[in-house]
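User: Please take me slowly through one part of this structure, as I have not seen it before. I would like a close look at charged side chains and their partners.

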Amino acid sequence: MASYPASSVFDTQRSLWAAILMGVGVMAAVDEIVFHQLLQWHHFFDFSTPAFGILSDGLLHAFELLAIVVGVFMLLDLSQRKRLSIPWAQAGFFLGMGGFQLFDGVINHKILRLHQIRYGVDPLMYDVVWNGAAIGLLLVGVWLLFRAKHLARR
């Protein structure tokens, strides 16, 4: 297994947060491309006109692209300055993906009711899979974060 220098050499916090931002953007892109465009199960905001639903998808798309681009540029900057901590970035990426997925599943779907995963069916199984996948991604991120902290202490 690779040995990493002490965390003082790397900018662990910036590596983590840049990758979290990128993970949020990637998971938002997966949601928007697969569920909004390809399957056409819902829009970001469903309870208005179809035109507003498409507009809300476009705004989500702009947000996800901005998050990915800013995250990538932050990671590139860290890499060029030899300050990128790959273990912390890996953890951040999974935490970002899982965090977005769980936020979408709980806040957007259930609390704000902006949209459901799919209409015309009992949403329980969809919700269980959606939020279960989010928790799985978060658990991978937490495990990678503990691993990154352990490697930084060595």
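Which does Asp77 count as by its relative accessibility: buried, partly exposed or exposed?

Analyst: This is a predicted model, in which local features need pLDDT of at least 70 and side-chain atom pairs count only at pLDDT 80 or more, while totals for chains, interfaces and linings use all residues. Residues are numbered from 1 along each chain as its sequence is written, and side-chain values use heavy atoms, with hydrogens and water left out.

Asp77 counts as partly exposed because its relative accessibility is 28%, a class that lies between buried (under 20% relative accessible area) and exposed (over 50%), with a 1.4 Å probe and protein chains only. One partner of Asp77 is Arg14, with which Asp77 forms a salt bridge whose closest N and O atoms are 2.8 Å apart; the term stands for a side-chain nitrogen of Lys or Arg within 4 Å of a carboxyl oxygen of Asp or Glu. This pair links distant parts of the chain, since Asp77 sits in helix α2 and Arg14 in helix α1, 63 residues apart (helices are DSSP runs of H or I with at least four residues, strands are runs of E with at least two, and both are numbered from the N terminus). Arg14 is partly exposed, with a relative accessibility of 28%.

Asp77 also forms a salt bridge with Arg81, where the closest N and O atoms lie 3.1 Å apart, and Arg81 counts as partly exposed at 42% relative accessibility. Taken together, Arg14, Asp77 and Arg81 are linked in a network of salt bridges.

The count of salt bridges comes to 3, and one of them joins the side chains of Lys110 and Asp127 at 2.6 Å from N to O. Lys110 belongs to helix α3 and Asp127 to helix α4, so this pair ties together parts that are 17 residues apart in sequence. Lys110 is partly exposed at 32% relative accessibility, whereas Asp127, at 9%, counts as buried.

Helix α3, which holds Lys110, also includes Asn108 within its residues 86–111, and Asn108 counts as buried because its relative accessibility is 5%. Leaving aside neighbours within four places in sequence, Asn108 is in contact (heavy atoms within 4.5 Å) with Phe44, Phe103, Arg113, Leu114 and His115.
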